[in-house]
Amino acid sequence: MLVILGMIAILVGAIWLIVAAFQESPVWGLAVLFFHGIASFIFLILHPEQAWRPVALEVVGVVLVMLGAAMNHH
């Protein structure tokens, strides 16, 4: 269950971040859409006020996936 919740959180956070990037500019939106990892990090550094919440949701999602996987592994 934690894995599924985590995956949903990651997906929602990623979509939210892409929307925030497109609101900043089409170039940022396309960069985050096609190069999510590195472009998201750069967007977070340059535009923390728009990016920190969706990135935090993605991080929470990753933690939930890892916890769920660890719990199911034992």
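Q: What is the orientation of α3 and α4 to each other?
A: In this predicted model, the axes of helix α3 (residues 36-46) and helix α4 (residues 48-73) come within 7 Å and cross at roughly 135°. Axes here are lines fitted to C-alpha atoms, for helices over the stretch in contact, with angles from 0 to 180 degrees between N-to-C directions. Angles under 35 degrees count as roughly parallel, over 145 as roughly antiparallel, 65 to 115 as roughly perpendicular and the rest as oblique. The relation of α3 to α4 is therefore oblique.

Q: How many nonpolar residues does the contact of α3 with α4 have?
A: On the α3 side are His36, Phe43, Leu44, Ile45 and Leu46, which meet Pro48, Gln50, Ala51, Trp52, Val55 and Glu58 in α4; contact means heavy atoms within 4.5 Å. Ala, Val, Leu, Ile, Met, Phe, Trp, Tyr, Cys and Pro count as nonpolar, Asp, Glu, Lys and Arg as charged, and the others, Gly among them, as polar. By class, this contact has one charged residue, two polar ones and, as nonpolar residues, eight.

Q: What is the orientation of α1 to α2?
A: Helix α1 (residues 2-24) packs against helix α2 (residues 26-34) with the axes 5 Å apart, at an angle of about 155°. That makes the orientation of α1 to α2 roughly antiparallel.

Q: Which charged residue takes part in the contact of α1 with α2?
A: From α2 come Pro26, Trp28, Gly29, Leu30, Val32 and Leu33, while α1 brings Leu17, Ile18, Ala21, Phe22 and Glu24. By class, the contact has nine nonpolar, one polar and one charged residues.

Q: Where does the largest share of the largest nonpolar core come from?
A: Ten residues make up this core: Leu17, Ile18, Ala20, Ala21, Trp28, Val32, Ala39, Phe43, Ala51 and Val55. A nonpolar core is a set of buried Ala, Val, Leu, Ile, Met, Phe, Trp, Tyr and Cys residues joined through side-chain atoms within 4.5 Å. The elements that give two or more residues are α1, α2, α3 and α4. The largest share, four residues, comes from α1.

Q: Is histidine 47 buried or exposed?
A: Histidine 47 sits in the loop between α3 and α4. Leaving aside neighbours within four places in sequence, histidine 47 is in contact with Glu24 and Trp28. Buried means under 20% relative accessible area, exposed over 50%, partly exposed in between (1.4 Å probe, protein chains only). With a relative accessible area of 15%, histidine 47 is therefore buried.

Q: How many Å separate the C-alpha atoms of glycine 6 and glycine 68?
A: Glycine 6 lies in α1 and counts as buried because its relative accessibility is 0%. Leaving aside neighbours within four places in sequence, glycine 6 is in contact with Gly61, Leu64 and Val65. Glycine 6 and glycine 68 are 62 residues apart along the chain, and their C-alpha atoms are separated by 8.3 Å.

Conventions. Residues are numbered from 1 along each chain as its sequence is written. This is a predicted model: local features need pLDDT of at least 70, side-chain atom pairs count only at pLDDT 80 or more; totals for chains, interfaces and linings use all residues. Side-chain values use heavy atoms; hydrogens and water are left out.
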